[in-house]
Amino acid sequence: MSSSIALPPVNSDTDLAATFAAQRQAFAGNPMPPEAQRRQWLKSLREALLADQDRLVAAIDTDFDGRSADETLLAELLPSVQGLRHAERHLHGWMRPSRRKVGLAFQPAKAQVLYQPLGVVGVIVPWNYPLFLAIGPLTCALAAGNRVMLKLSEATPASALALKTTLERVFPSDLVSVVLGEVEVAQAFARLPFDHLLFTGATSIGRQVMLAAAHNLTPVTLELGGKSPAIVSATVPLDAAAERIAFGKTLNAGQTCVAPDYVLVPRDRLDGFSDAYRRAVRRFYPTIADNRDYSAIINPRQLQRLQGLLDDARHKGAQVIDLYPDETRQGRRLPPHLLLGVNDDMIVMQDEIFGPLLPVVPYDTLDDALSYINQRPRPLSLYYFGYERSEQEHVLRHSHSGGVCLNDTLLHVAQDDLPFGGIGPSGMGHYHGLEGFQTFSKAKAVLAKQRLNTARLIYPPYGKAVQRLIYKLFIR
């Protein structure tokens, strides 16, 4: 089946401005929603997702022209629902003002940080996880008490319509509004004077979003991608490492921003790792062409791009290994490939792959592997496979990345009590859990004093004996 869903008429700039104005006005009427109201928003959203899960799963399958229902449940619905439950459980503690200390020189007084909603938040959602990457930011923004406008991807029209239907049934448009439309709508959306804008997608588009937001001095959270490396140590069992890397690389056919982009393997373990990876993938997916457990590439353009990466690498001398050489391809299901003998001249080693192609790079020492990573743009995730605690600590201290998994892949993203975000070209800012609540809140500093005013001791005219005493006591 092929996705032929047509989006409704494009939202015009006037429609966007009117929706934004309505949300801004609604926020002005309720600038600090109480905990009970926020908790009800979260509960209603969770219940709506559960009630509509079959329809949402089917819509995503339509957009991909073959998306594993289990992958959608595990990688989209499950973390969405768990994230909502986590926010509901911890909302009271997140909203509680944070007590801070007041210096002796400024007593008597009290200090606290009050977490205040920002106002109207914009979220631009990508196509690869159209449910989770909409609900995750929405959860954090609602928990923080904001109004939210969501721009859903034009590449997943069935999913966009399905989620729009769900959200419109739960929320009035001046609380949560769903925006549909093509690229020009997204561009106009990014130019709105949001109080915060979160974008998930390609680094190149992230630069454009940041430029658009800069005109209004809108703060941004950018969740981008990049080439997330995996390091296989000299001693880790290859079957264990290969199995976990294979899961991370083949989930959603590699169309995951935190998928292992390439793997660094000790030079004398290259053959062993390649064999172990092949066995792991074939165990997960005995066949590819007709396997409903294996997801398709989202559209013909992305499939053509991935085929171009393979052709370019082959032309420039790489050994390209199709793990299913005897199968005839069907639809857009691209089989997993290993690429050996790669170099920096190949496009596959320059751009984020975002597909089931895994380059293997040999290294001689762990420091060589870390040097290879550190000479390149900082990745969104880094994966290290090895059980020696000293080596794990060495990797953590001598590398920079948005997040790390030791002896696993992907699963750090599903931890509600860990922040998620990139660094440098892989993004800025973070969300999920407490950090998501804080991202969409203003941490307002409050200093409170009552009748007694000891600050009069430092008022002009200067040169008083008490002022000289203060200098001696506190400027030292």
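Where is the place of Pro 461? Pro 461 sits in the loop between strand S16 (441–448) and helix H15 (465–474). The model is predicted. A cis peptide bond joins Pro 460 and Pro 461, with omega about 0°.

Backbone features

A cis peptide bond also runs from Gln 107 to Pro 108, with omega near -5°. Pro 108 is in the loop between strand S1 (98–100) and strand S2 (110–117).

The loop between helix H9 (238–250) and strand S9 (262–266) contains Asn 252, and Ala 253 lies in the loop between H9 and S9 as well. Asn 252 is not a glycine, but has a positive phi of about 55°. For Ala 253, also a residue other than glycine, phi is positive and near 55°. Asn 252 has 1% relative accessibility, which is under 20%, so Asn 252 counts as buried. Ala 253, at 0% relative accessibility, counts as buried too.

Helix packing

Two packed helices are described by the angle between their axes and the distance between the axes. Two pairs are listed here.

| Helix pair | Angle | Axis distance |
|---|---|---|
| H12 (residues 366–374) and H13 (residues 389–397) | about 25° | 11 Å |
| H2 (residues 35–51) and H6 (residues 157–170) | about 140° | 10 Å |

The angle of about 140° between H2 and H6 makes H2 oblique to H6. The crossing in which H2 passes H6 is right-handed. From H2, the residues Ser 44, Leu 45 and Ala 48 meet Thr 166, Leu 167, Arg 169 and Val 170 in H6. By class, the residues of this contact of H2 with H6 are four nonpolar, two polar and one charged.

For H12 and H13, the angle of about 25° is under 35 degrees, and the two helices are therefore roughly parallel to each other. H12 passes H13 in a crossing that is right-handed. Leu 366, Asp 367 and Leu 370 of H12 make the contact with Glu 391, His 394 and Val 395 of H13. The contact of H12 with H13 divides into three nonpolar, one polar and two charged residues.

Individual residues

Is Glu 223 buried or exposed? Glu 223 counts as buried, because its relative accessibility is 1%. Glu 223 belongs to strand S7 (residues 220–223). The unreviewed UniProt entry carries the annotation "active site" on Glu 223. Not counting residues up to four places away in sequence, Glu 223 touches Phe 199, Thr 200, Gly 201, Phe 420, Gly 421, Gly 422, Ser 426, Gly 429, His 430 and Tyr 431.

Leu 150 is found in strand S4 (residues 147–151). With a relative accessible area of 0%, Leu 150 is buried. Leaving out residues up to four places away in sequence, the residues that Leu 150 touches include Val 123, Val 125, Ala 134, Leu 138, Val 176, Val 178 and Phe 189. Leu 167, one of the residues of H6 that meet H2, is also touched by Leu 150. Between Leu 150 and Ile 124 the C-alpha to C-alpha distance is 6.1 Å, with the two 26 residues apart in sequence.

Gln 438 is in helix H14 (residues 433–439). Its relative accessible area is 33%, so Gln 438 is partly exposed. Gln 438 and Ala 143 are 295 residues apart in sequence, and in space they are 9.8 Å apart, C-alpha to C-alpha.

Note on methods:
Residues numbered from 1 in each chain as written. Predicted model: local features only at pLDDT ≥ 70, side-chain atom pairs only at ≥ 80, totals over all residues. Heavy atoms only, no water. Helix = DSSP H or I, 4+ residues; strand = E, 2+ residues; numbered from the N terminus. Buried < 20%, exposed > 50% of the residue type's maximum accessible area, 1.4 Å probe, protein only. Contact = heavy atoms within 4.5 Å. UniProt positions renumbered as here; feature names shortened; annotations may be inferred. Axes fitted to C-alpha atoms, helices over the stretch in contact; angles between N-to-C directions. Parallel < 35°, antiparallel > 145°, perpendicular 65-115°, else oblique. Left-handed = near helix turned anticlockwise from the far one by under 90°. Nonpolar A, V, L, I, M, F, W, Y, C, P; charged D, E, K, R; others polar.
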